[in-house]
Amino acid sequence: MSKKKIKNPAFTIAKRELKAFFASPIPYIVTSLFLIISGIWFFSEFFLRGTAEMRYFFARLPLLFSVFVPALTMRLFSEERKSGSIETLLTLPVNETQVVMGKYLASLIGTLCMLVPTVFYAITVGIFGDPDMGPLLCGYIGAVFLSAAYTSIGLFASSITKNQIVAFFTGLIICVVLALIDEFLVFFPGKIVNFFSFLSANAHFTSISRGIIDTRDIVYFISLTALFLVLTVRTEKSHRNS
């Protein structure tokens, strides 16, 4: 196969991955569980507290994504490495960066598809309350950045092992640490807490979801995403050269 036949390798791989993604029952199961759990939390606050707002939903989103995003991404490399099909893919005129970006794009779309149905919560809030549209919109903007970062982490976790369960728990641990690191250190001196709060995905996401678009938060998520994509590319290069 010549390079001319693959004009946009990353998009070609993304298209292939999306077909496999929507043909598998796993995304539908994961998305259903995500919506059930997030829906229970949202509507319990909605009815029990009588609060027509999404603040509590967004507050729990980093922890929810820590579980469900790795579940969506765990098979991306590990399944192909276990079956040996990744070797066939890498013999094509594509490089590791194109393979990683193609898989990342497909998995990010899958993660965002999981998030889209939660717009129903926002519609419910709009019907029964008078929400401030600024924080609501910023909450979803922050959720997109959070999706991008956690998807790159899940992709990296899948690239380092042939076992999907190991990939899931590796991604889960990294995401949970980033989501809760500032809460773990709440009793430490202020300077230590401030330092680790800068590393906290939850702290940066919370800042955005409150309606504050700070370039430091945007740079954090872009840097975190780029870091794990680079690590994934290096992992794939090491596998190819081994």
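**Around Tyr150**

Mentor: Leaving out residues up to four places away in sequence, Tyr150 touches Pro62, Phe65, Ser66, Val69, Cys175, Leu178, Ala179 and Ala201, where contact means heavy atoms within 4.5 Å. The model is predicted, so local features need pLDDT of at least 70 and side-chain atom pairs count only at pLDDT 80 or more, while totals for chains, interfaces and linings use all residues. Residues are numbered from 1 along each chain as its sequence is written, and side-chain values use heavy atoms, with hydrogens and water left out.

Tyr150 also belongs to the largest nonpolar core, which has 45 residues; Met54, Leu61, Phe65 and Tyr150 touch the most other members. Such a core is a set of buried Ala, Val, Leu, Ile, Met, Phe, Trp, Tyr and Cys residues joined through side-chain atoms within 4.5 Å. Buried means under 20% relative accessible area, exposed over 50% and partly exposed in between, with a 1.4 Å probe and protein chains only. Two or more residues of this core come from each of H2, H3, helix H6 (96-115), H7, H8, helix H9 (164-184), H11 and H12. Helices (H or I, at least four residues) and strands (E, at least two) are DSSP runs numbered from the N terminus. Apart from this core lies another of twelve residues, including Leu76, Phe77, Val100 and Ala148. The ring of Phe77 has the charged end of Lys103 over it, 5.1 Å from its centre; the test is NZ of Lys or CZ of Arg within 6 Å of the ring centre and within 35 degrees of the ring normal.

Next, the rings. The whole structure holds 15 aromatic pairs. Rings of Phe, Tyr and Trp (its six-membered ring) pair if their centres lie within 6.5 Å; planes under 30 degrees apart are stacked, over 60 edge-to-face, and the rest tilted. Phe58 and Phe205 are edge-to-face, because their centres are 6.3 Å apart and their planes at 65°. This pair links distant parts of the chain, with Phe58 in helix H3 (residues 55-73) and Phe205 in helix H11 (residues 201-209), 147 residues apart. Phe58 is buried at 5% relative accessible area, and Phe205 is buried at 0%. Phe145 and Phe221, with centres 6.3 Å apart and planes at 25°, are stacked. They join helix H8 to helix H12 (residues 215-241) across 76 residues. Phe221 is buried at 1%, whereas Phe145 is partly exposed at 22%.

One aromatic cluster is formed by Phe42, Phe43, Phe57, Phe58, Phe120, Tyr121, Tyr140 and Phe205. Tyr121 is also among the buried residues of helix H7 (residues 119-128), with Ala122, Thr124 and Val125. Seen down the axis of H7, these fall within an arc of 160°, so they line one face of the helix; the arc is that of the directions from the helix axis to the C-beta atoms.

Tyr121 is touched by Leu35, whose contacts, apart from neighbours within four places in sequence, are Met114, Pro117, Thr118 and Tyr121. Leu35 lies in helix H2 (residues 26-49) and is partly exposed at 25%. Leu35 and Met114 are 79 residues apart in sequence, with 8.1 Å between their C-alpha atoms.

Back in helix H8 (residues 133-159), Ser152 is buried at 0%. Beyond neighbours within four places, Ser152 contacts Tyr104, Leu224, Thr225, Phe228, Leu229 and Thr232.
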